[in-house]
Amino acid sequence: MLIPSEERRKIHSYLFQEGVVVAQKDYNINHTDIDTRNLYVIKALQSLTSKGYAKTRFSWQYYYYTLTDSGVEYLRNWLGLPNGVVPATHKKAARPQPTGGRPERRPRNNDGEGYKRRENKETAGGNFQPQYN
């Protein structure tokens, strides 16, 4: 399918920026995230999938496209970006560094004596003899 160059550039730059594209299976609407027709998005990403640059999942009338490692290289060359730029899905999130060691455990109940024991208020005496009739 012939897709205008500026539309294809929008689609490819959004895919490279995010690393993931979700498209509803409705060819007559405009895509919500990319300012272009949904048909162009689906067909452009179908082309990238056939070349092995993206993976496609289809569930509940939605297409889920993810960029592969070879697709990152292809789009980086196609868009003319430097080597250090990667999609958002390929960036590692900074984990908060734990301070000190393991946190101190608090007691299980308020008085700090461990497990709460059941108190028997009504106990049978030592000379209890039950009678059965």
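# A walk from the hairpin to the helices

Start by selecting β2 and β3, which run antiparallel and are joined by 6 bridges. Strands here are DSSP runs of E with at least two residues, helices are runs of H or I with at least four, and both are numbered from the N terminus. Two strands pair if DSSP finds at least two bridges between them. Before you go on, note that this is a predicted model: local features need pLDDT of at least 70, side-chain atom pairs count only at pLDDT 80 or more, and totals for chains, interfaces and linings use all residues. Residues are numbered from 1 along each chain as its sequence is written, and side-chain values use heavy atoms, leaving out hydrogens and water.

**The hairpin.** Click on Lys55 and look across to β3: the bridge partner there is Thr66. Now move to the turn, where 2 residues sit between β2 and β3 in a hairpin. Trp60, in that turn, has a positive phi of about 50°.

**Two salt bridges.** A salt bridge is a side-chain nitrogen of Lys or Arg within 4 Å of a carboxyl oxygen of Asp or Glu, and by this rule there are 2.

- In α1, show the side chains of Glu7 and Lys10, which are 3 residues apart, about one helical turn. They meet at 3.8 Å, N to O. Glu7 is buried at 14% relative accessible area, while Lys10 is partly exposed at 31%.
- In α3, show Arg76 and Glu73, also 3 residues apart and about one turn of the helix. Their side chains meet at 3.0 Å, N to O. Arg76 is buried at 5% relative accessible area, while Glu73 is partly exposed at 40%.

Why look for partners at this spacing? An α-helix has 3.6 residues a turn, so residues three or four places apart point the same way.

Key: Buried < 20%, exposed > 50% of the residue type's maximum accessible area, 1.4 Å probe, protein only.
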